[in-house]
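Welcome! Try each task yourself, then follow the solution.

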Amino acid sequence: EEFDEATVFTDLLENKKHLQRILQSHGIAITMPLVKDKHIIGYLVLGEQQGRGYVSRDTRVLNAIRHELVIAIQNALSVQEIRDINSSLEQRIQAATAELRTSNSQLKRLDETKDEFISMASHQLRTPLTSIKGYLSMVLEGDAGTVSADQRHLLEEAFTSSERMVHLIHDFLNVS
């Protein structure tokens, strides 16, 4: 009978008595390597056949099964690799999410600090400007005496500029 060259029948290992004894001591009658792309990825190991022993038809069936086993093992390895990749990605996503949360928290604190600074600075600027604007208005209305035309022009420019500054500060507060 002709058998596949890759199939090892324990009883045919006459030239390797030590290996034959080990296999027989474990009740192994056939050892078939599972090969994928010229690399052994495992072995199909069968015990002794009850009764008549193994025949060529048995080995043909085993060879067909062997090829299916190789495909199944490759699929299982691929599934495991995908699971490992998914697990790694999940860990990286969790780390990135934690980092983003930390950064977001820091940005919120910085934003609150900025808002507080803008509010204080605006109030500190508005108070003296309001006083300047009030005094300019009093001088323009003649409360400090008569004002010449040249003086009036200069005072009106200063008053208009101070009004613009008050509006800018107000807009600044609204934006913040």
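Helices (H or I, at least four residues) and strands (E, at least two) are DSSP runs, numbered from the N terminus. This is a predicted model, in which local features need pLDDT of at least 70 and side-chain atom pairs count only at pLDDT 80 or more, while totals for chains, interfaces and linings use all residues. Residues are numbered from 1 along each chain as its sequence is written, and side-chain values use heavy atoms, with hydrogens and water left out.

**Exercise 1. Find the order of helices and strands along the chain.**

Step 1: count the elements; the chain holds three helices and three strands. Step 2: read along the sequence, and the pattern comes out as β-α-β-β-α-α.

**Exercise 2. Compare the radius of gyration of the chain with that of a compact globule of 176 residues.**

Step 1: the radius of gyration is taken over C-alpha atoms, and the globule rule is 2.2 Å times the number of residues to the power 0.38. Step 2: the rule gives a value near 16 Å for 176 residues, but the chain has 46 Å. Step 3: look at the principal axes, along which the C-alpha trace spans about 135 × 25 × 25 Å. Step 4: turn to burial, where buried means under 20% relative accessible area, exposed over 50%, and partly exposed in between (1.4 Å probe, protein chains only). By that rule, 20% of the 176 residues count as buried.

**Exercise 3. Where is confidence lowest, and where is it highest?**

Step 1: pLDDT is the predictor's confidence in each residue, from 0 to 100. Step 2: for the chain its mean is 85, and 91% of the residues reach 70 or more. Step 3: among the elements, strand E1 (residues 8–9) is lowest with a mean of 68, whereas helix H2 (residues 56–140) is highest at 91. Step 4: check residues 1–5 as well, where pLDDT stays under 50.

**Exercise 4. Is Ser-122 buried or exposed?**

Step 1: locate Ser-122 in helix H2. Step 2: its relative accessibility is 1%, so Ser-122 counts as buried. Step 3: list its contacts (heavy atoms within 4.5 Å). Not counting residues up to four places away in sequence, Ser-122 touches Ile-169, Phe-172 and Leu-173.

**Exercise 5. What is the phi of Asp-37, and what is the phi of Lys-38?**

Step 1: recall that most residues other than glycine have a negative phi. Step 2: Asp-37 has a positive phi of about 50 degrees, and Lys-38 has a positive phi of about 65 degrees. Step 4: Asp-37 is exposed, with a relative accessible area of 60%, and Lys-38 counts as exposed at 82%.
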